[in-house]
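Here is a short briefing to read alongside the sequence and the coordinates. Have your viewer ready, and let's take a look together.

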Amino acid sequence: MNTPGATGRTGTVPGRVPKIRHGFFNTFRKDTAEGYLMAAPFVILFIVFVVVPVIWSLVLSLTSYNIIQPMKFIGLENFKELFTNDDLFIKAVKNTFSYAVVAGPLGFIASFLFAWIINQLKFRNSFALAFYAPSLTSGLAMSVVWLYLFSSDRYGLINDILIQLGFLSEPVQWTKDPKYIMKLIIFISLWTSMGTGFLTNLAGLNNIPKDMYEAGKIDGIRNKFQELWYITLPSVKPQLLFNSIMAMVGALGVFDITVGIAGFPSPDYAAHTMVGHMYDYAFLRFELGYASAISFLLFVLNFGLGRILMKIFSSKDE
Amino acid sequence: MRKRKRKYFRRVTPGLVLLYIVMILLAVFMALPLIYLVVTAFKPLDELLLFPPRFFVKKPTLQNFSSLLGTLDSKVVPFTRYLFNSVVTTVCSVAGTVLVCSMGAYSAQKLHLRGMKAFSRIVVYALMYSAPASQIPIYLIVSKAGMLDNYLSLIIPKFAIPMYFFLYQQFVSQIPDELLDSAKLDGCGTFATFRRIVLPLTKSATSTIIVFSFIANWNDSFGPMIYITSQAKKTLPIVLRSIADGGIARMGAAAAATFLTTAPVILIYVFMQSRVLQTMEYSGIKG
């Protein structure tokens, strides 16, 4: 029963079976071998498809490489080029951030808020379905509908309604005018923002033991908002951490939906994002070194923000 | 679950009625584009070209579906082939990821293997790594492995997903050690314990991950866009784009295709919803 990894810790747990020393070779029995066998598929695939790519993209980002010619080490040239010479990259960064600072937090907050409300309503599952259903669709597939709804010609329903209601005097080129493209994309992505985070919240909220609320009442909690602040939010902290990371990663990685709505490249690059820029250099121009530099920046950005979120929503001290 | 009815809004107050009305309106608002998709898929051509445009359909028709299947038939690759591609790659990815991630999480949490605690911490950090950012090296790995333009390129890289590993881990860690120990005393080996104890106890996590993984793979357009070159191996999301590019005349067919693509996902979710939502609810084993 005592396997190597447990040594030292199990001994301190009261009520555990007293430890019998087996020695390394005795404990390295069939169990352990089977354990490693069980872990192997995930560990190997994770290393091959997650760990190695991170390291590889760092290495590639320091080179000039286009698959055909041999790789050439050029130090930090790519990064220098990105920040000093590539206006389009700067534009992509700006677009990505202007999207992420709105869509990320809004989606995160909305998915908690609506989960919180819906969890207390009757017909909880039906509401949950209605709110979650948009996230089941793919951005690219639904763009068919969005393009039609927001079409600037005479078939566009949204323009038609807005004109009839008197908000507009002439059709707006929602998907073609650089002024509106990003706003439209943010609006549409909010529509799909009740995703995984929303479900995680629903489940987490439902899992808070009833007696905690009753205990809270005894301890002097007067209204819903105190209850939310002192009981509900601390109880779902692990879910909030998970969701905030997912929302951040999703917001910074925005690409799919921009292609669906604005096309690639978008008019006047109004919907050009960091991932879009990377995609352009990697898979259309095959300048893999340069594209990897963008990937690596994205990685650093995700990781840094992730650390901050982990600090904010940490529940380790409780 | 019936007994656990939430009681906070027991009394019917004007505020409560208002809340319900607002929520219902919001729910309808959320569903509108989907409803629009459905009605458009059944619109005949003259209603598609109607001016001013109308939301609902007057004379529903199956014309779009037949034209979708028909027109694409005249090309080399029939629509059903794309459907087949999507089904095969999605089913394989989902099955693989469930197995790989659950086994990984179980061994990391409960088997006291050297190094696995540190490993699972790394996996949590990997949650922050956005998939598109690692596409270049993955592309190179896939191409080195000779999987380009092969179903495998859409399947194998989708197995080890940090998020699913993480979710499983949350569940597995709640299984009491005593239960696993007693299984062992009863003569269950590592694999038997996994199959007889761990898998059944993490069933709701499995349903959740099936749903998530199905959605992610079924809707994935990035993978087929870069790994698949031959038309006959492309999946539905790619095809939808090319149909939609046909302009207004193809709008009906595009809506029909989108409808056919979206319906299975929604059905699977509806089928699994209660289990997905109850995922964290079987709290009997929570220490």
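Of the 318 residues in chain A of this predicted model, 44% are buried, where buried asks for 20 or more other C-beta atoms within 10 Å of a residue's own, those atoms being placed from the backbone. Local features need pLDDT of at least 70 and side-chain atom pairs count only at pLDDT 80 or more, while totals for chains, interfaces and linings use all residues. Residues are numbered from 1 along each chain as its sequence is written, with chains lettered from A and ligands numbered from 1 in the order in which they are written.

**Fold of chain A**
- Chain A holds 15 helices and 2 strands, taken as DSSP runs (H or I of at least four residues for helices, E of at least two for strands) numbered from the N terminus.
- Contacts (C-beta atoms, placed from the backbone, within 7 Å) between residues at least 6 apart in sequence join residues at least 24 apart in 68% of cases in chain A.

**Interface between chains A and B**
- Contacts link 77 residues of chain A with 81 residues of chain B.
- On the chain A side, α2(A) gives the largest share, 20 residues.
- Other elements giving two or more residues to that side include α5 (124–136), α12 (237–252) and α15 (288–312) of chain A.

Note on methods
Contact = placed C-beta atoms within 7 Å. Buried ≥ 20, exposed ≤ 12 C-beta atoms within 10 Å, placed from the backbone.
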